[in-house]
Amino acid sequence: MQISYAEWVCPECKNKNRESCNTWMYGSPIRECKACRSEYLDRRWREVAIDGFDPRSNNAKVYVKGTLFLLAIALVCGVMIYFQYAKGYYSMKIVVAGAFSALGAIACGINVLRIKLGFQNKDNDKYMAESKARLSDPTYVEKLRKYGYKV
């Protein structure tokens, strides 16, 4: 499971909020401001029992293409550094670009493995169970309907 952070400004009190979330923002779209406790709808979040999973989240081909693209950039940067170093200098911008490309390729490769080994499906099963549990609460379902969800 990958952890990201979501940031937003409360529409009621205008305070900035931040919380940890999963990469695909699976969870309740009904959010609560930490400062004023007002509730509001944040459409960036997906109630997966209603909206389904993001198709990219379980598509290894997307990550394979990203891995290959970033590896190609890292390789080009490596060749440029090699030839520049042979002349007695090298550009730090190219070193940094090559390093970040290599790290990005590793991250994409890890996502390919997560999908191929079933870890992403296991996480998705957990998100679906959490979503179904929320939807078993009639009060929560009524709030979603109030915000325009067809539940």
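Two residues are in contact when heavy atoms lie within 4.5 Å, and among such contacts in the protein chain between residues at least 6 apart in sequence, 51% join residues at least 24 apart. This is a predicted model, in which local features need pLDDT of at least 70 and side-chain atom pairs count only at pLDDT 80 or more, while totals for chains, interfaces and linings use all residues. Residues are numbered from 1 along each chain as its sequence is written, and side-chain values use heavy atoms, with hydrogens and water left out.

Read from the N terminus, the elements follow the order β-β-β-β-α-α-α-α-α, where helices (H or I, at least four residues) and strands (E, at least two) are DSSP runs numbered from the N terminus. The radius of gyration, taken over C-alpha atoms, is compared with a globule rule of 2.2 Å times the number of residues to the power 0.38. For the protein chain it is 21 Å, well over the 15 Å that the rule gives for 151 residues, so the chain is more spread out than a compact globule.

Of the 151 residues, 34% count as buried, meaning under 20% relative accessible area with a 1.4 Å probe, protein chains only. A nonpolar core is a set of buried Ala, Val, Leu, Ile, Met, Phe, Trp, Tyr and Cys residues joined through side-chain atoms within 4.5 Å. The largest one has 9 residues, among them Trp24, Val48, Cys108 and Tyr127, and its largest share, 3 residues, comes from α3. Leaving aside neighbours within four places in sequence, Val112 is in contact with Ala60, Tyr63 and Val64. A second, separate core of 6 residues includes Ile30, Leu135, Leu144 and Tyr149.

Terms used
Buried < 20%, exposed > 50% of the residue type's maximum accessible area, 1.4 Å probe, protein only.
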